[in-house]
Each structure stands twice: as C-alpha cells, then as structure tokens.
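Hi,

Here is the structure I promised to send over. Have a look at it first, and then read my notes on the pockets and the helix packing below.

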Amino acid sequence: MKHFIKILNHSTDEIEHILSVAVRLKKRMKDGIPDMIMAGKVLGMYFDKPSLRTRVSLEVAMTSMGGTAIPLEASGGKIGIREAIKDQARVMSRFVDVISIRTFEHDIVEEFAQWSTVPVINALSDYSHPTQALADILTMREHLGDLKGQTLAFIGDGNNVALSLAALCG
C-alpha cells in the first residue's frame, strides 16, 4: 500500500486486509508472540495538531513491531511554513520508511503524499481520520461480531471521524 490518506482511496478488499492483519497482530501481541514486521524501519511523526493518545499509540505500535518512531518538527512549527511541503516530503523520504501526519489541513497531507516516496499515513486532518475509523470498526467487530446488515448511528459533530466512518461503512 502506498499511502493511507482517506478511506475512499481504498477498496473494500484493501480495507478488509488491513483489518485482518490488525486482528492477527493484536492476537499475537496478546499471546506474547512478537511480530517484528517493522524491524529496522523508522516512522517519522509530524504533529501540527498535538495528541498524546495518537502519539503514544503510534510509538507503541512501531516499537512492538520492532521499529522506531521519531517525532519530526517542521521549520516554523507547522508543515509548509518555512520549508516547502514538496521539499520536506522528498528529504524525509530519504531518512524514514513511513510518515504519519496529524494536521489541521487535509491539503497538507495530500500534498505531502504527492511528493513522498514512502507511505504517508493520515493520523488526522480536518477532512479525514481514517485510522480512528478503522480502530472504531475493529472494536465494534470485536464486541458485536459481523457488522454486515447492521446500522451504525454516529452521535456527534459531522466531523472528520463521522466522514471517515460513513465512508468505511459505505
């Protein structure tokens, strides 16, 4: 998979594959069986919009799979302010194996992915929160079983999570 920017960029088969791998990795971790599929790999994490839970979950996931996670700081404190996004994406692609971006503006994630030669993961933007939607669906499946034919009611703002869940359920 190249990038994970929004749910609508992926087929049902791709989404099912991601969820099945997540189930397998989660079970192996619970059983105490390390899965070193990211051994020797580095995740670079941009956080224009801070989040303790997202940062910790990314770092723990990467570490538990044998990789390393490092915070990246954009010049000027925000991606694209002092250095062009195109330049940052190209340079960071030479140093890390995957990049996560949590930002206020979805266009930043899209532009970064356009120039990156390594996978870019949208860890939240104003338009999309695909990782949260996947986690929500995985949790629902774990507690409710097969969700085919079920109705999901989302109570809250019509925000990035709502859009991502609607796309995923569609």
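Predicted model: local features only at pLDDT ≥ 70, side-chain atom pairs only at ≥ 80, totals over all residues.

Residues are numbered from 1 along each chain as its sequence is written, and side-chain values use heavy atoms, with hydrogens and water left out.

A pocket is an open set of points on a 1 Å grid over the protein atoms alone, where a 1.4 Å probe fits, with protein on both sides within 12 Å along at least five of seven lines; lining residues have an atom within 4 Å of a point. A volume is the space filled by probe spheres set on the points, which are joined across faces, edges and corners. Helices (H or I, at least four residues) and strands (E, at least two) are DSSP runs numbered from the N terminus. Ala, Val, Leu, Ile, Met, Phe, Trp, Tyr, Cys and Pro count as nonpolar, Asp, Glu, Lys and Arg as charged, and the others, Gly among them, as polar.

Now the largest pocket, which holds about 1,800 Å³ of space. It is lined by 47 residues, and Ala22, Leu58, Ala61, Met65 and Thr131 are the closest to its centre. Elements supplying at least two lining residues each include helix 1 (12-30), helix 2 (52-64), strand 3 (98-102) and helix 5 (130-144). Helix 1 gives the largest share, nine residues. By class, the lining has 28 nonpolar, twelve polar and seven charged residues.

On to the helix pairs. Helix 1 and helix 5 pack at about 65°, their axes 11 Å apart (axes are lines fitted to C-alpha atoms, for helices over the stretch in contact, and angles run from 0 to 180 degrees between N-to-C directions). Their crossing is right-handed, meaning that the near helix is turned clockwise from the far one by less than a right angle. Ile15, Glu16, Ile18, Leu19, Ala22, Val23 and Lys26 of helix 1 meet Leu134, Ile137, Leu138, Arg141 and Glu142 of helix 5, where contact means heavy atoms within 4.5 Å. That contact has eight nonpolar, no polar and four charged residues.

Helix 5 and helix 6 have axes that come within 8 Å and cross at roughly 55°. The two helices are therefore oblique to each other (under 35 degrees is roughly parallel, over 145 roughly antiparallel, 65 to 115 roughly perpendicular, and the rest oblique). Helix 5 passes helix 6 in a right-handed crossing. Residues in this contact include Pro130, Leu134 and Ile137 of helix 5 and Val161, Leu165 and Leu168 of helix 6.

Last, helix 3 (residues 85-95) and helix 4 (residues 106-115): their axes come within 8 Å and cross at roughly 50°. That makes helix 3 oblique to helix 4.

Cheers
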